[in-house]
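Work through the exercises below with the sequence and the model open. Try each task before you read its solution.

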Amino acid sequence: MKFIKIVTCLLVFLVIVNLKDREVIASDLEITLKEAINIGYQRAKEWNVNATLTTANSVDETMGGSRGDTGKRFNWFTTFVVPGTEDYVIVGISKKKITFFRPSKQTQGPTIPFDDIRLDSFEALQLAKDKYGLKQGKDWATGYHFTLDSIEGEPILTVVGNDRDNRFTRISFNTKTGDIVSAIHKLPFGGGLLSKHIGNEVLSNKGMAIMGVVAGNKQLVIWGDKKPTQFSTTKQPFIELSHNNGKTWIELQFNGYVAHAWFDMKDRLYVATEKEIWAGITSKSRGTKILSLEYPIEKIDFSANNQIAVTSKGKVYYTINQGETWEQTVVPKPFNVLQISNNGDLVMLSDEGSILQYTKNQWKLITIPHCNDEPMDMKVINNRLFVTTQGGIWTRNLRQKGKGNWRNVQVDEVLVRFIKKGEKLFGSTHRDEAIYSINTRDEQKSKKVFDTRDLIVWDVDIMKDTLWIATIPDYSWEDMPIK
């Protein structure tokens, strides 16, 4: 039965990111937990007269209705077994009708007598609202959800939603007694901005999701979410600027979520949002919009001399004059990475691991020295290409041809991800356990600059002799008081 529970839980917790709020309008086609079980029972008894309930749960959908606010949902799964056998059946219900019926065989788990289900989903929900202020789920699903399982021989109905601080929350009831037996929510730990200076580490912005950090000549910028949840880092977006290497910060007034930010060689700040790019942002000015697209920006890159390339819905938009004019092209195959050089050449790493360079209006294949060495990541610094593989880091000048143009950069560990900051290049090991600084001017050995320990590192940059590390929180289940 464990397999069934895993499958149905996955269906329940289908993540729908950034779903817009909708008006709650109840529908006559929505049903409660007990109503769903009754419908499922009728069909299961036709299949086998001895069929007995073992699990039930609501299933996420986007049909409208109350989103579970009435204790009802459109879609449910119910599972029944035949005691003493390996026979079981899953019955799916949508809008009061059976839409799924699948018998099979599997080792059985505990059953739930129907008479033990004295507490229905709408009653459990009201108690969860009254005692814990439970709110509808967002980001991880649409509204409230309900699951019924037998745990240690007791029928347990769990109502899933968000707490008052929008944290993922589960309130569980014994349906026989009506008692609350468990109340847990997922709380963040970690997250924030870490500065490392001559062995001294300072963590600020604790609990925040710092999605990016970038250093200019004299300025430092961070951006992210002040109140992240496990499923969203766009709740309270912010971007802050420092003129004194992080001693004090000024929050910039910018509408919407910041996806990327960078400085040009003159220390002008650029910011990319969902569909736009702005230039010359200061504490007193939002700057000038240099690009506005119909569809969201998917990937973005900018060279040391501020050539810019973005992708949106299969097209590449790029500029070699600071955004005064933009050119377009189409990538020949699906890709993971897009880069632009100081000379305006586009370079892409495809999903299948091939590297292509776009110059003089055509894409050409670039081969690395060891044909069996599959690229894991790729970046372009100035006009030099860097590729990390299991066999090490390979680099070459994009404007020079021939296999003799490739050089190997020494590194103690395999780097799986690059982080590019202007003319600086960093690399992270498997699971981001260590961060290396990679020399981009010659083939000197790369230097480890940080052991990440249990931090989730999202971005990194260095200003003078201070290493700045952007981290995001992790989440764990924590008990709430039983009320």
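**Exercise 1: an enclosed strand**

Strand S31 (residues 424–428) has four of its five residues buried, so the rest of the structure largely encloses it. Buried means under 20% relative accessible area, exposed over 50%, and partly exposed in between (1.4 Å probe, protein chains only). Strands (E, at least two residues) and helices (H or I, at least four) are DSSP runs, numbered from the N terminus. This is a predicted model: local features need pLDDT of at least 70, side-chain atom pairs count only at pLDDT 80 or more, and totals for chains, interfaces and linings use all residues. Residues are numbered from 1 along each chain as its sequence is written, and side-chain values use heavy atoms, with hydrogens and water left out.

Task: Find the strands joined to S31 by bridges.

Solution. 
- Step 1. Strands pair if DSSP finds at least two bridges between them.
- Step 2. Strand S30 (residues 417–421) runs antiparallel to S31, with five bridges. Ile419 stands opposite Phe426 of S31.
- Step 3. Strand S32 (residues 434–438) is also antiparallel to S31, joined by four bridges. Here Gly427 has Tyr436 in S32 as its bridge partner.
- Step 4. Now check the turns. The S30–S31 hairpin has two residues between the strands, and Gly422 takes a positive phi near 65 degrees. The S31–S32 hairpin has five residues between the strands, and Arg431 takes a positive phi near 60 degrees.

**Exercise 2: helix H2 and the cores**

Task: What span should helix H2 have at 1.5 Å a residue?

Solution. 
- Step 1. The expected span is 1.5 Å times one less than the number of residues. H2 (residues 33–47) has 15 residues, so it should span 21 Å; its end C-alpha atoms are 21 Å apart, which agrees.
- Step 2. List its buried residues: Leu33, Ala36, Ile37, Ile39, Gly40, Tyr41 and Ala44.
- Step 3. A nonpolar core is a set of buried Ala, Val, Leu, Ile, Met, Phe, Trp, Tyr and Cys residues joined through side-chain atoms within 4.5 Å. The largest has 33 residues, and Ile37 and Leu53 are among those with the most contacts inside it. H2 gives the most to this core, with six residues.
- Step 4. A second, separate core of 17 residues includes Val214, Ala261, Phe263 and Ile281.

**Exercise 3: two contrasting residues**

Task: Are His185 and Asp479 buried or exposed?

Solution. 
- Step 1. His185, in strand S8 (residues 180–197), is buried at 13% relative accessibility.
- Step 2. Its side chain makes a polar contact (N or O atoms within 3.5 Å; within protein, one must be able to donate a hydrogen and the other to accept it, and residues adjacent in sequence count only if both atoms are side-chain atoms) with the side chain of Asp163, at 2.8 Å.
- Step 3. Asp479, in strand S35 (residues 466–479), is exposed, with a relative accessible area of 66%.
- Step 4. The C-alpha atoms of Asp479 and Ala183 are 6.0 Å apart, though 296 residues separate them along the chain.
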